[in-house]
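Okay, thanks for coming, everyone.

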Amino acid sequence: MKKLARAIAALAALTAGMLTAQNITGTWQGTLNAGKELRIVMKVSTTDADTLKALFYSIDQGGQPLPSGAVTKQGTAVKITVPGIGGTYDGKVTADGNSITGTWTQGPNPLPLNLARATAETAWTIPEPPAPVKPMRADKSPSFEVATIKPSNPEAPGKAIRVNGRNFSTLNTTVNDLIVFAYGVHAKQIVGGPPWMESDKFDLAGKPDGEGAPSIQQWKEMIQKLLVERFQMKFHSDKKELSVYAITVAKTGPKLTKSEADPNSGPSLFFRGLGMLPARNATMAELAGVLQGAVLDRPVADQTGIAGRYDFQLTWTPDQFQFSGMGVRISPPSDDATAPPDLFTAFQQQLGLKLESAKAAVEIMAIDKVVKPSEN
C-alpha cells in the first residue's frame, strides 16, 4: 500500500508539473542585451474569448505597456508577436513550467531572451507611466527647441518613429522616411535626390519649443522645418501618373459611422497590431495616408468623394508584402478559417469601400537639393 501511495503521489506531482508547463499565464521576466541590458517583463493573461494575450514592458525604457498581437502555444513552443514595434518572441517552456528559453527578433538579428516565471517576491517593479501632458495650442506653429541627429547603429534592429508627450524620436530612419512622415506621401512620390536619401539611416531626438504636447500635424510641421534647416532640403511639386491603390465606394454603400468628436481635434489612427486599425474622427484622405505610409507598396488615392470625419474599425490578415516599409517581415497567411479576411475583402465587408489597383495622376516631390545633416 505504501508503494502504491508513493506512486500516486509521484504521478500527482508529475501531472501538476505538466499542467504548470502548459499554463503560461502570469508574469515572466528576463534581461535582453541589445547593446545595453534591458529588463523585460511579460504579463500573459486570457481574453474573454479564452485566448491568450500578453503585455510587454521594457522597464528600463519607461515601462509603457506594449500589447501583443497573436499569442500561440503548441506543446512547449510559444510564439508572440508585438506588432507595434515589429517584434516577435519565440520560446520553449521548460518541463517544470518556470522558465522559457527563447529569442527576441526585431529586425534581421534575433537576440537571446530567456524568461523566468516571477512571484510576488521576485517580480520587478514596473514604473508608473508619466502623467499625461496637456495638448499644445492648436494655433501654435512649433519648432524643435533642441534636436539631435546622429547616424544609426548598424547593429540596432527595427525601425521606428515614436511620439511620447513632448518627446519625438526615430530609430533607423532615412531622409525618405522623414519625408514620408512629414508630408504624407508614399516613397514612390519622392523623385530625384542622391541615393543616400534612402540608404543612410539616422536616429533623431527632439523636443518642441512652447508648452504642451504637439498634435501629430504639429510634429509633421516640425519635421518639415527640420528637413529645411538641418538637411537644407529644397523641392518643387509636380504631377505624375503612377500605379496606385484607389479607394472608391462599393455598390453596397459606405459602412461608416459619422464621428461626434470635435472636428478640429484631429484623427486617432494608430495600429493596435498588424492588421488592427481602429479609427476615430478620421477622414478618407487620412485613412489613405496611413495605408500608403505604413502598409502598402504604392500610393493610395482617395477617390470616394466622401467628406467629413468618421469612426470605424478595420481588421484584416496582412500578407507577406504588407508593412515592409516598417521593416516588418510577415509570414505567408495560414489556412486558419477563423482568421480575419485579407485587406481588400475587409475593405468591402467592414467599410463598404473598395481598394483596387489603378493608374492616377498624383502629386510628386521633386528634390532639388539635400545635404547630409549638420553636426549636433
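Let's start at β7 and strand β8 (residues 99–105), which run antiparallel and are joined by six bridges. Strands pair here if DSSP finds at least two bridges between them, and the elements are DSSP runs numbered from the N terminus: helices are H or I with at least four residues, strands are E with at least two. This is a predicted model, by the way, where local features need pLDDT of at least 70 and side-chain atom pairs count only at pLDDT 80 or more, while totals for chains, interfaces and linings use all residues. Residues are numbered from 1 along each chain as its sequence is written, and side-chain values use heavy atoms, with hydrogens and water left out.

Back to the hairpin. Tyrosine 89 has tryptophan 104 in β8 as its bridge partner. Five residues sit between β7 and β8, and glycine 97 in that turn has a positive phi of about 75°. On the other pairing, β7 goes with strand β6 (residues 77–82), antiparallel again, over six bridges. There, the bridge partner of alanine 77 is lysine 92 in β7.

Buried means under 20% relative accessible area, exposed means over 50%, and partly exposed is in between, using a 1.4 Å probe and protein chains only.

Now look at threonine 101, which is in strand β8. Threonine 101 has a relative accessible area of 47%, so that residue is partly exposed. What does threonine 101 touch, leaving out residues up to four places away in sequence? Tyr89, Asp90, Gly91, Lys92 and Asn114, where a contact means heavy atoms within 4.5 Å. Leucine 113 is twelve residues away from threonine 101 in sequence, and their C-alphas are 6.9 Å apart.

Next, the other sheet I wanted to show. The order is β17-β21-β19-β18, an open sheet of four strands with antiparallel pairing. β17 (257–258) and β18 (268–269) each have a single partner strand, so one side of each is left without a neighbour in the sheet. Inside, strand β19 (residues 276–282) and strand β21 (residues 310–315) pair antiparallel over five bridges, and alanine 282 has tyrosine 310 in β21 as its bridge partner. Helix α4 (residues 284–295) lies across β18, β19 and β21, running at about 150° to β19. That angle is between N-to-C directions, on a scale from 0 to 180 degrees, with axes fitted to C-alpha atoms, for helices over the stretch in contact.

While we're on strand β19, asparagine 281 sits in there. Phi of asparagine 281 is near 60°, positive in a residue other than glycine. For context, most residues other than glycine have a negative phi. At 3% relative accessibility, asparagine 281 counts as buried. Glutamine 232 also has a positive phi, about 50°, and is not a glycine. Glutamine 232 is in the loop between α3 (216–230) and β16 (234–249), and at 38% relative accessibility counts as partly exposed.

On to the rings. The structure holds nine aromatic pairs; rings of Phe, Tyr and Trp (its six-membered ring) pair if their centres lie within 6.5 Å, with planes under 30 degrees apart called stacked, over 60 edge-to-face, and the rest tilted. Phenylalanine 144 and tryptophan 219 are a tilted pair, 6.1 Å centre to centre with 35° between the planes. Phenylalanine 144 is in strand β11 (residues 144–151) and tryptophan 219 in helix α3, so the pair ties together parts 75 residues apart in sequence. Both of those residues, phenylalanine 144 and tryptophan 219, are buried. Phe144, Phe168, Phe181 and Trp219 form one aromatic cluster.

Last, how far do we trust this? The mean pLDDT of the protein is 86, and 89% of its residues reach 70 or more; pLDDT is the predictor's confidence in each residue, from 0 to 100. Where pLDDT is low, the predicted coordinates should not be read in detail.
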